[in-house]
Amino acid sequence: MRGQHRSANAGGGFGNTLVRQGLLLPEPERRRRAVRLRSGEASAGEATELALGRIDAVDDSVRAFLHIDREGARARARSLDRQPRHRRGPLFGLPVAVKDNIAVRSWLSTSGSALLRGYRAPYDATVVERLRGAGAVLLGTTNLDEFGMGSATTRGFHGPSRNPADPQRVAGGSSGGSAAAVAAGTAHAALGTDTGGSVRQPAAHCGVFGIRPTYGRVSRYGVTAYASSFDQVGCLASDLTDLGRVLGAVAGLDPRDATSAARDVPDFAAAAGRPALPRTIAACGENDLAVLDPASQEAFAAVIRRFEQRGVIVRRVELPDTETAVAAYYLLACAEASSNLARFDGMRYGQPEAGGLRLEAAFRETRTRGLGREVRRRILAGATVLSRGYRDSIYRASTEIRKRIARELLGLFGERELLLLPITCGPPRLLDEPPPRAQEYRSDRFTILASLAALPAISLPAGESRGLPFGVELMAPPWGEEALFSAAAAFVEAA
């Protein structure tokens, strides 16, 4: 096991030469590998060696991984291959990456923060336990924005991840490392976390599938909390069946997580094998689409045509006030973050660096040095929202807005209907061109709706915009993941 995280790549930009050299593993090859492993043509050892070889070939440029357990992965694969077939789990030999804010016992687990460098998780998160029990091979941990606070995977102290489709551009965030690993073919599937879109947006930017399940479908035990009422473990994969298999493996009631729901876990992979479109789909109207750049508007219109060509009636609807939704989301998320991150003081967790300072000074100094600017900004905003004089006028008002938006969003669904939305307002930006801060927050206007209403949503690769991956999301009422998988399969079949 590698003893420490990798340092950030200080090199310059990467251009089309590296793209041609294969940073983005072609989708047909990613699917071929998935099918060979599922069919038994490939052993766990072969799949693991292909993944590790791919990591060696491209990850110094992509920077998806922070920590790679090569020897542990190989030992695990050998052990799996020795098992008789009847004892093999549903994810037999599947190479999986795990976002660095999900605990994997004895592995470095920093949540992308300098405050936690050197910290090793003392136990497995529930989702990691379930991956192991299903027969997956864990490869390592992936890069993220610090504590999940960002939309580009550029704000972690390890440095940025790069988009395999164009390494001069961001991979999206905060689960950008997981999305980039899948797109580059260095992992068959990956776990991420989705607070306001942190699985779906990087999946769209990198051209892979990503799902945020219904809140409570998957345990959060062992996940570093950012905003507890929004955080949900999600899955990413280049193959829809693999996406369903991973979600099915990690989902289900967990007594250690009071927010996990006692719901039966359907066979999501089987749903992906039953392509079926609803008779009608509700899609956002022209007013909502006006914020997209022209190329993205054209790409979204092509998606509408693809559905209509399959006989689906597309009904246009107006979304709840997205500007208000964004404001309410960030106020509530920051308030929860200010509470959740209070534990990271450099004494109970992380690496104290303040020497002989008094306790109060050590606390202040450690958090100033250890936490990045964006995390400090959100903590301060959240503490203000919860302070006397603001709690009623801002925090409670935001909770009421959240309830209203959830009601309005649920009211958009007709019987057995899904909701179709864009995910981003434009293509992934260049790494050296950070957007204005307000624009970055507003770009979450489509993804935060499912988060506010605790609804499931799946990100689908849907062609290109300006030569870069373009994705859309399908959203369902609570516990409607099976319908999402069936509709996604039909959408892929119609390409």
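Select helix 3, residues 44-62, in this predicted model. Its buried residues are Ala44, Ala47, Thr48, Ala51, Leu52, Arg54, Ile55, Val58, Asp59, Ser61 and Val62. Now look along the helix axis. Where does helix 3 kink? The kink is centred on Asp56 and amounts to about 45 degrees. Step off the end of the helix to Arg63, which follows helix 3. Arg63 has a positive phi, near 60 degrees.

Next, select strand 6, residues 232-237. Is this strand mostly covered or mostly open? Mostly covered: six of its six residues are buried. Show the side chains. Gln232, Gly234 and Leu236 point one way. Val233, Cys235 and Ala237 point the other way, and these too are buried. Side chains in a regular strand alternate between the two faces of the sheet.

Strand 4, residues 189-194, runs antiparallel to strand 6, and six bridges join the two. Pick Asp194 to find one of the pairings: its bridge partner in strand 6 is Gln232.

Finally, colour by pLDDT. The chain mean is 91, and 91% of the residues reach 70 or more. Residues 1-21 fall below 50, yet this stretch has 48 contacts in the model beyond near neighbours in sequence. Last stop: residues 353-359. There pLDDT stays under 50, and the model has nine contacts beyond four places in sequence for this stretch.

Definitions and conventions:
Residues numbered from 1 in each chain as written. Predicted model: local features only at pLDDT ≥ 70, side-chain atom pairs only at ≥ 80, totals over all residues. Heavy atoms only, no water. Bend = angle between axes of the 7 residues up to and from the residue. Helix = DSSP H or I, 4+ residues; strand = E, 2+ residues; numbered from the N terminus. Buried < 20%, exposed > 50% of the residue type's maximum accessible area, 1.4 Å probe, protein only. pLDDT = per-residue confidence, 0-100. Contact = heavy atoms within 4.5 Å. Pairing = 2+ DSSP bridges.
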